Amino acid sequence: MSQAFGSVGLSWVKAHAGIPGNELADHYAKTAICEGEDLFVPAPYSYLKKYINKLIVTDWQRHWEGSHTGIRVREYVPTVDLKLLTHNRLLLFLVSGHGPFPSYLFRFKLLNSPNCVCGGLGTPDHFVFDCPFTLNFHMTLPTDNNKSFWFKSVLKNEGSCLGSNKFVKFLIVFAQS
């Protein structure tokens, strides 16, 4: 059909009206249904996209559950969810524990102590929930059972302190001092 470009056209014709080409097409269609071979018809793009996405997420979840790393992240994000993807630096710092925190930097010998200047262990949770120097940015500490729900709420709430660039800048300067 692609070689016959320009010489083939499609148009509607009344069914069962004795039009020879249409009657022949009906005959072949009935024969194909009754006696024909299975024919692979490619699925629509939208179906393939959804199907591949489901396979990727299922495989990702299997890997996520079997991984021995990312334990802290799994407290907040127990299941893989593409809707929870974020590019907010502080949320990534908070959930992963990787960032300008004394406890993290101490692991790489970049600081002499894992403690905050207030004396508490300089973890992300300390700065967001406990540190007296970041009191203006504190949030309510979620229970272990509600960390996932809490994280989803924080992602949706654009006014939360975690979305504030001021807090990110303050934290980076403060945590490294």
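Select helix 3 (71-76) and helix 5 to begin: each supplies at least two residues of the lining of the second largest pocket. Helices here are DSSP runs (H or I, at least four residues), numbered from the N terminus. This is a predicted model, where local features need pLDDT of at least 70, side-chain atom pairs count only at pLDDT 80 or more, and totals for chains, interfaces and linings use all residues. Residues are numbered from 1 along each chain as its sequence is written, and side-chain values use heavy atoms, with hydrogens and water left out.

**Stop 1: the pocket.** Show G70, I71, R72, V73, S96, G97, H98, S103, Y104, R107 and P124, which line the second largest pocket. A pocket is an open set of points on a 1 Å grid over the protein atoms alone, with protein on both sides within 12 Å along at least five of seven lines; lining residues have an atom within 4 Å of a point. The space in this pocket is about 160 Å³. By class, the lining has 4 nonpolar, 5 polar and 2 charged residues. Gly counts as polar, Pro as nonpolar and Arg as charged in this scheme.

**Stop 2: the core.** Now pick Y76, F127, W150 and F151. These have the most contacts inside the largest nonpolar core, a set of 23 residues. Two or more residues come from each of helix 4 (89-96), helix 5 (102-107), helix 6 (124-130), helix 7 (147-156) and helix 8 (165-175). Helix 4 gives the most, with 5 residues. A nonpolar core joins buried Ala, Val, Leu, Ile, Met, Phe, Trp, Tyr and Cys residues through side-chain atoms within 4.5 Å. Center on F151: beyond its neighbours within four places in sequence, it is in contact (heavy atoms within 4.5 Å) with Y76, V77, L91 and V95.

**Stop 3: H126.** Go to helix 6, where H126 is found. H126 is buried, at a relative accessible area of 8%. Buried means under 20%, with a 1.4 Å probe and protein chains only. Setting aside residues within four places in sequence, its contacts are C116, C118, G120, L121 and C131.

**Stop 4: Q61.** Move to helix 2 (residues 45-66), the place of Q61. Q61 is buried too, with a relative accessible area of 14%. Which residues does Q61 touch, not counting those up to four places away in sequence? Select P78, T79 and V80. Q61 and T79 are 18 residues apart in sequence, yet 6.6 Å apart C-alpha to C-alpha. Finish with a distance label: the backbone nitrogen of V80 lies 2.6 Å from a polar atom of the Q61 side chain.

Methods. Buried means under 20% relative accessible area, exposed over 50%, partly exposed in between (1.4 Å probe, protein chains only). A polar contact is a pair of N or O atoms within 3.5 Å; within protein, one must be able to donate a hydrogen and the other to accept it, and residues adjacent in sequence count only if both atoms are side-chain atoms. On a 1 Å grid over the protein atoms alone, a cavity is a set of points where a 1.4 Å probe fits but cannot get out, and a pocket is an open set with protein on both sides within 12 Å along at least five of seven lines; lining residues have an atom within 4 Å of a point. Grid points are joined across faces, edges and corners, and a volume is the space filled by probe spheres set on the points.
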